[in-house]
Amino acid sequence: MIYWIGNIVLLLLYTVFLSVSQLGKEQKNSLLLKLMFWQLLFLIVFKNNIIFNDIWVYLLGFDYSLTVGWSEVAKIQHFATEVKFELGWAYFTKLLSSLTGHRELLLLVVGLIILRSHFVFIKKYSQITWFSIFLFITIFFYNSLFVLRQNLALAILLFSIPYIIERKFVKFLIFIVIAFLF
């Protein structure tokens with residue numbers, strides 16, 4: 001809880017300091033987005049995973065994916081009796097584990113995708129950047145620390161919004177199918 005509140009306090013401090021700076025509005029918003037992106041990504045990767053029950057299942061699934069070959073990726077879906085991963089998550093986990101055996105890569109890549117999707121969305125569509133980041137932290141961020149698959153699917157859906165606006169149905173549908181796999 002202290003980290004959650006600390007992020008909100010730091011966001012407000014950054015906003016106050018940037019509001020009195022000589023930078024233009026676009027520069028202030030861009031700097032605020034970058035500061036908060038890296039701060040939240042650091043928290044995602046280096047948090048104490050013991051306090052989040054669900055995160056251990058993902059990390060154990062990552063470890064299991066190191067032991068199976070590409071022809072057996074479907075086994076990752078059922079690596080434990082109480083766990084059922086979607087096929088997209090199994091392939092995603094296997095792809096990351098084939099790059100390196102470090103569990104932190106899973107958290108880093110998922111965190112990058114989740115934060116990037118939300119922050120690109122905020123940058124494109126928000127009139128009040130600091131308030132949008134505040135809403136993201138208070139509503140979505142805590143959940144994204146341990147419910148990885150659903151938040152990754154939501155991030156993929158956020159990337160599809162420009163295709164809705166541009167009325168590119170096929171590209172939008174591709175993102176929907178990919179999100180469905182998670």
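Buried means under 20% relative accessible area, exposed means over 50%, and partly exposed is in between (1.4 Å probe, protein chains only). This is a predicted model, where local features need pLDDT of at least 70, side-chain atom pairs count only at pLDDT 80 or more, and totals for chains, interfaces and linings use all residues. Residues are numbered from 1 along each chain as its sequence is written, and side-chain values use heavy atoms, with hydrogens and water left out.

**Overall picture**

- The protein chain has nine helices and zero strands, where helices (H or I, at least four residues) and strands (E, at least two) are DSSP runs numbered from the N terminus.
- Along its principal axes, the C-alpha trace spans about 55 × 45 × 25 Å.
- Of the 182 residues in the protein chain, 42% are buried.
- Contact here means heavy atoms within 4.5 Å; of the contacts with a separation of 6 or more, 66% come from residues 24 or more positions apart.
- The accessible surface is about 10,500 Å², and 70% of that belongs to carbon and sulfur atoms; the areas come from the Shrake-Rupley method with a 1.4 Å probe, and for residues only the protein chains shown count as cover.

**Helix α3 and what covers it**

- Which residues of helix α3 (residues 53-65) are buried? They are I55, Y58, L59, G61, F62 and S65.
- These residues sit on the same side of α3, because they cover an arc of only 155° around the axis, taking the arc from the directions from the helix axis to the C-beta atoms.

**H118 in α5**

- H118 lies in helix α5 and counts as buried, at 8% relative accessibility.
- Leaving aside neighbours within four places in sequence, H118 is in contact with F136, F140, L154 and L158.
- The side chains of H118 and S117 are joined by a polar contact of 3.5 Å. A polar contact is a pair of N or O atoms within 3.5 Å; within protein, one must be able to donate a hydrogen and the other to accept it, and residues adjacent in sequence count only if both atoms are side-chain atoms.

**Salt bridges**

- The structure holds four salt bridges, each a side-chain nitrogen of Lys or Arg within 4 Å of a carboxyl oxygen of Asp or Glu.
- R103 and D63 pair up at 2.5 Å, N to O. This pair links distant parts of the chain, with R103 in the loop between α4 and α5 and D63 in helix α3, 40 residues apart.
- R103 is partly exposed at 22% relative accessible area, and D63 is partly exposed at 26%.
- R149 and E86 meet at 2.7 Å, N to O. R149 lies in helix α7 and E86 in the loop between α3 and α4, so the pair ties together parts that are 63 residues apart in sequence.
- R149 counts as buried at 14% relative accessibility, whereas E86 is partly exposed at 29%.
- K75 and E72 have their closest N and O atoms 3.3 Å apart; K75 is partly exposed at 44%, and E72 is partly exposed at 31%.

**A nonpolar surface patch**

- F169, V170, L173, I174, V177, I178, F180 and L181 form a nonpolar patch on the surface, with about 790 Å² of accessible area together.
- Patches are made of residues with over 30% relative accessible area and no salt bridge, joining like charges within 9 Å and nonpolar side chains (Val, Leu, Ile, Met, Phe, Trp, Tyr) within 5 Å.
- L173 lies in helix α9 (residues 169-180) and is partly exposed, with a relative accessible area of 39%.
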